[in-house]
Amino acid sequence: MPVPKRRHSHSRKNKRRSQFKMEPIQYTECPKCHSPRLPHRVCPVCGTYKGTLVFAPKEEKS
Amino acid sequence: MRHGKKIKKLGRKKAHRLALLRNLCRALFIFEKIKTTLPKAKEARRLAEHLIEYAKKNTVAAKRFIYRFIPDHKLVKIVCEEIAPKFMNRQGGYTRIFRLGPRLGDGAEMAILELTEKSEPEKIDLRRKLIERRALPEEKKVEKKKEKTKKEKKEKPQEVKSKSEKKTKNEKKKNIAKKDKEGKKQKKVRKK
């Protein structure tokens with residue numbers, strides 16, 4: 001069995017793990033309703049994509 | 001040779017995958033707009049566009065080819081005579097996919113797959129009535145009510161019968177059990 005020859009210091013471990021970072025989700029603005037939207041996706045609020053209505057948005061119950 | 005020809009397997013065996021794609025295509029030709037996961041939409045598009053390509057020829061051979069994938073003569077007729085003529089001016093790109101973002105629950109990317117040339121909503125409703133074995137939601141309610149009234153009338157006398165039968169059976173069993181017990185008691189008495 002291969003076994004580690006030397007112990008890794010905390011510093012070394014932490015330096016390695018400094019690269020394990022998450023990137024924030026990139027949102028774009030919907031050109032119609034100006035709400036945040038994932039790029040290349042249909043806007044979940046107004047249901048439009050590139051100016052065409054893909055699905056009718058849900059009506060708010062008041 | 002199969003080199004470099006890649007198919008998305010969708011986590012299914014061949015038969016299962018084909019059945020899924022056929023069902024998706026069937027739904028697409030009826031509703032002209034369906035919502036599935038992105039990988040399924042992409043694979044269903046391949047088959048759907050292939051079928052439309054055949055439907056544009058509108059020959060008997062083409063219809064039979066389509067029938068292999070959509071085993072429904074009514075729908076094959078619709079595809080060849082209603083849907084395909086709209087695409088005569090196009091060289092491809094019969095369908096369009098919109099991405100919707102991740103699904104709640106499993107985070108699968110959802111998409112809407114639709115035909116680029118659509119019929120009027122009334123026509124689609126008619127198609128549903130013609131092909132779908134189940135009726136539209138409004139009609140369904142009415143039918144259910146009717147069925148319920150019929151069923152109630154039928155079921156009531158039957159239940160009474162079954163209950164009475166059960167009773168007689170139970171009584172018989174009890175009688176047999178009693179007889180057995182009595183017999184055992186008698187034996188015990190004799191031994192004594």
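**View 1. The largest nonpolar core of the predicted model has 34 residues.** Those with the most contacts inside this core are B:F29, B:L51, B:I66, B:I70, B:L75 and B:I83. A nonpolar core is a set of buried Ala, Val, Leu, Ile, Met, Phe, Trp, Tyr and Cys residues joined through side-chain atoms within 4.5 Å; buried means under 20% relative accessible area, exposed over 50%, and partly exposed in between (1.4 Å probe, protein chains only). Two or more residues each come from α1 (14-31), α2 (38-55), α3 (60-69), α4 (73-83) and β3 (109-115) of chain B. The largest share, eight residues, is from α2(B). Helices (H or I, at least four residues) and strands (E, at least two) are DSSP runs, numbered from the N terminus.

This is a predicted model, in which local features need pLDDT of at least 70 and side-chain atom pairs count only at pLDDT 80 or more, while totals for chains, interfaces and linings use all residues. Residues are numbered from 1 along each chain as its sequence is written, chains are lettered from A in the order in which they are written, and side-chain values use heavy atoms, with hydrogens and water left out.

**View 2. Surroundings of B:F29.** Residues up to four places away in sequence aside, B:F29 touches B:A48, B:L51, B:I52, B:I70, B:L75, B:V79, B:I83 and B:R127 (contact: heavy atoms within 4.5 Å). A second, separate core of seven residues includes A:V42, A:Y49, B:M110 and B:I112.

**View 3. A:R41 in the loop between β2 (36-37) and β3 (48-49) of chain A.** A:R41 is buried, at a relative accessible area of 16%. Beyond its neighbours within four places in sequence, A:R41 contacts A:Y49, B:R99, B:L100, B:G101 and B:E109. With the side chain of B:E109, the A:R41 side chain makes a polar contact of 2.9 Å (a pair of N or O atoms within 3.5 Å; within protein, one must be able to donate a hydrogen and the other to accept it, and residues adjacent in sequence count only if both atoms are side-chain atoms).

**View 4. Two histidines of chain A with positive phi.** A:H34, in the loop between β1 (28-29) and β2 of chain A, has phi near 60° and is exposed, with a relative accessible area of 53%. A:H40 lies in the loop between β2 and β3 of chain A; its phi is near 65°, and A:H40 is exposed at 58%.
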